[in-house]
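Hi,

Here is the structure I promised to pass on. Have a look at it, and then read on for what turned up.

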Amino acid sequence: MTTDYKVTELFCIIDEFCKHFDAKNAGNLLEDNSGVKRRRRQASLSDSEIMTILVLFHTHRFRDLKSFYLGYICQHMRGDFPYQLSYNRFVERQAQVALHLLLFLQTCALGKCSGISIIDSTPLASCHIKRERQHRTMRGWAAKGKCTMGWFYGFKLHLVINDKGEIIQWKLTPGNVDDREPLKDKRFTERLFGKLFADRGY
């Protein structure tokens, strides 16, 4: 169970990152010249709070985000998140902070290599394999691949962890990419040294 102190500490770290990120990109973003007027009022749930909820979701044993948000955040964490959104609106805001969350995980949340590393991949299915020809959401990105559990349609998540279980490096590839392919990328292996252990697929 995550304590209030841990939630506050996590929020402060994410909030500092968001403030630094917004300050760096304030003059570098492209302007919207479409002519459509957009309101710029401050949202009731900030980007930092949404990112904190998404990180908490992956540290709890909930099967889906809807159950976690409606059953846990809205019921038991009203003190930590007093201004809550409907679930549909939260999903819309979730897509808006995807870039922030990706950069935060890449720059602030990765562990350090200790000389003993373990690499493996896991499939991320976009849909059932029988519906691959009807699937449109990830068309052009996802691909048909095979793992130890059988055929799937989607992506492969390649993870490298240290002996403490901390993620050192990660990479997302289409499902038909060989497990050894990311190891040929120098940017993927530049933080690794010592011994790297893997299963027979590598």
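Phe-17 has a relative accessibility of 12%, so it counts as buried. Phe-104 is buried too, because its relative accessibility is 5%. Please keep in mind that this is a predicted model.

On to the aromatic rings: there are eight aromatic pairs. One of them joins Phe-17 and Phe-104, whose ring centres are 5.5 Å apart with planes at 65°, so the pair is edge-to-face. That pair links distant parts of the chain, with Phe-17 in helix 1 (residues 4-24) and Phe-104 in helix 5 (residues 98-107), 87 residues apart. The rings of Phe-62 and Phe-68 also pair edge-to-face, because their planes stand at 70°, over the cut-off of 60; their centres are 5.2 Å apart. Phe-68 is buried, at 0% relative accessibility, whereas Phe-62 is partly exposed, at 30%. Phe-62 and Phe-68 belong to one aromatic cluster together with Phe-57 and Tyr-72.

Phe-68 brings us to helix 3, which spans residues 65-76. Its buried residues are Leu-65, Phe-68, Tyr-69, Tyr-72, Ile-73 and Cys-74. Helix 2 (47-59) and helix 4 (87-96) are among the elements that cover them.

Now for the interior. In soluble globular proteins, nonpolar side chains tend to be buried together. Here the largest nonpolar core has 27 residues, and Ile-53, Phe-68, Ile-73 and Phe-90 have the most contacts inside it. At least two residues of this core come from each of helix 1, helix 2, helix 3 and helix 5. Helix 2 gives the most, with seven residues. Leaving aside residues up to four places away in sequence, Ile-53 touches Leu-45, Phe-68, Tyr-69, Ile-73, Phe-81 and Phe-90. Another core lies apart from the largest one; it has seven residues, including Cys-113, Val-160, Ile-168 and Tyr-202.

One last item for when you have the model open: Lys-144 lies over the face of Trp-151, at 5.2 Å from the ring centre.

Happy browsing, and best wishes

How values were computed. Residues are numbered from 1 along each chain as its sequence is written. This is a predicted model: local features need pLDDT of at least 70, side-chain atom pairs count only at pLDDT 80 or more; totals for chains, interfaces and linings use all residues. Side-chain values use heavy atoms; hydrogens and water are left out. Buried means under 20% relative accessible area, exposed over 50%, partly exposed in between (1.4 Å probe, protein chains only). Helices (H or I, at least four residues) and strands (E, at least two) are DSSP runs, numbered from the N terminus. Contact means heavy atoms within 4.5 Å. Rings of Phe, Tyr and Trp (its six-membered ring) pair if their centres lie within 6.5 Å; planes under 30 degrees apart count as stacked, over 60 as edge-to-face and the rest as tilted. A charge sits over a ring if NZ of Lys or CZ of Arg is within 6 Å of the ring centre and within 35 degrees of the ring normal. A nonpolar core is a set of buried Ala, Val, Leu, Ile, Met, Phe, Trp, Tyr and Cys residues joined through side-chain atoms within 4.5 Å.
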